[in-house]
Amino acid sequence: MQNPALFFVPGSKVLFITADMYDIPIEKIVRSRRRTIALVITSEAQLIVRAPLKAPAAMIEDLIREKRSWILKKIGEIRQRPATTVHAYSEGETFFYLGRVYPLHIVESGNSPIERTDRLCVCRTLLPDIKHRLKCWYMQEAQREIHARCMWFSMTTGYTPKSIRITDARQRWGSCTSEGGLNFSWRLIQAPLEIVDYVIVHELVHLKQPDHSKKFWSRLKEIMPDYERRREWLRENERLLRI
Ligand SMILES: [Zn+2]
């Protein structure tokens, strides 16, 4: 028997648990007034433990040991996912728009400063500020496309938002305000249309069902029977959708 199983690695904030064959690093233990222990694998493949204030270390340790194969499986799955996109904004680099890939093409002059043909054409004069200019362009496009899709689904589902706004949110694709307005991150416009549609319908259903209750998911499934597949796509590919 190895003992103790939980210990600090000197010079690091990471706790390690020695399980039989593998070491599973714990990024952080977050204690709060919750009642149960939850094991969370983040999108960076790190294990975070959420635990009640007084849960003994041995209890956390037992749970990790019990869930070891699940944890390793999840970590493995996340490591298989595409790596985060990092752009240097040079000729030929790829960008997404509604799920299609567009290579960046720097032009000397054009009809408009940014133009989408079979490539994403950007005037050379924009280069010093290209990240910001591309973001503004994506925001405009998102405004038009997402607004139109949202109106369409509003008509077919009968859920009507009071307003539709495009935001700069990083963590959330969409959100629903208590006043009945819907917000969507401009980043969503990079995803395939069927994924955009999923986020729109998800938020529209929230107008009637603000929580993620069984009722919420079953209503969503009635409108979009294959929503789980779309949701999974978003989870697996979110790292690609950064500019
Ligand atoms: Zn939701």
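This is a predicted model: local features need pLDDT of at least 70, side-chain atom pairs count only at pLDDT 80 or more; totals for chains, interfaces and linings use all residues.
Residues are numbered from 1 along each chain as its sequence is written, and side-chain values use heavy atoms, with hydrogens and water left out.

The chain is divided into domain 1 (6-80) and domain 2 (129-240), with bounds that come from an automatic or database domain assignment. The centres of the two domains, taken over C-alpha atoms, are separated by 32 Å. R50 and W137, which are 87 residues apart in sequence, lie 40 Å apart in space from C-alpha to C-alpha.

R50 is found in strand 5 (residues 47-52), where helices (H or I, at least four residues) and strands (E, at least two) are DSSP runs numbered from the N terminus. Strand 5 is largely enclosed by the rest of the structure, because five of its six residues are buried; buried means under 20% relative accessible area, exposed over 50% and partly exposed in between, with a 1.4 Å probe and protein chains only. R50 itself counts as partly exposed, at 35% relative accessibility. Strand 5 runs antiparallel to strand 4 (residues 38-41), to which it is joined by four bridges, and two strands are taken to pair if DSSP finds at least two bridges between them. Within this pairing, R50 is the bridge partner of A38, and the two strands form a hairpin with five residues between them, in which A45 in the turn has a positive phi of about 65°. When neighbours within four places in sequence are left aside, R50 is in contact with V30, R34, T36, I37, A38 and V40, contact meaning heavy atoms within 4.5 Å.

An open sheet of four strands, in the order 6-7-9-8, shows mixed pairing. Its edge strands, each of which pairs on one side only, are strand 6 (94-97) and strand 8 (114-116), and the twist averages 30° from one strand to the next. Helix 3 (residues 130-157) packs on this sheet and touches strand 6, strand 7, strand 8 and strand 9 (120-123), its direction making about 20° with that of strand 6; axes are lines fitted to C-alpha atoms, for helices over the stretch in contact, and angles run from 0 to 180 degrees between N-to-C directions. Strand 6 and strand 7 (residues 100-107) run antiparallel and are joined by four bridges, with T94 standing opposite P103 in strand 7.

An open sheet of three strands has the order 10-12-11, again with mixed pairing. Here the edge strands are strand 10 (163-167) and strand 11 (174-176), each pairing on one side only, and neighbouring strands are turned by 20° against each other on average, direction ignored. Helix 3 packs on this sheet as well, touching strand 10 and strand 12, and its direction makes about 150° with that of strand 10. Strand 10 and strand 12 pair in the parallel sense over five bridges, and R165 has N183 in strand 12 as its bridge partner.

S185 is placed in strand 12 (residues 181-185) and counts as buried, at 1% relative accessibility. A polar atom of the S185 side chain lies 2.8 Å from the backbone oxygen of A169. Beyond four places in sequence, the residues in contact with S185 are I146, T167, A169, R172 and W173.

R230, in helix 6 (residues 227-237), is likewise buried, with a relative accessible area of 13%. A polar atom of its side chain lies 2.9 Å from the backbone oxygen of E194, and R230 touches E194, I195, D197, Y198 and M224, not counting residues up to four places away in sequence.

The protein donors of the zinc ion are H202 (NE2), H206 (NE2) and H212 (NE2), lying 2.0 Å from the ion; donors are N, O and S atoms within 2.8 Å of the metal (3.2 Å for Na, K and Ca), and sites may look incomplete because water is not among the atoms. Along the chain, these donors follow the spacing H-x3-H-x5-H. H202 in helix 4 (residues 193-206) and H212 in the loop between helix 4 and helix 5 (214-223) are 10 residues apart. H202 is buried, with a relative accessible area of 10%.

Technical notes:
A polar contact is a pair of N or O atoms within 3.5 Å; within protein, one must be able to donate a hydrogen and the other to accept it, and residues adjacent in sequence count only if both atoms are side-chain atoms.
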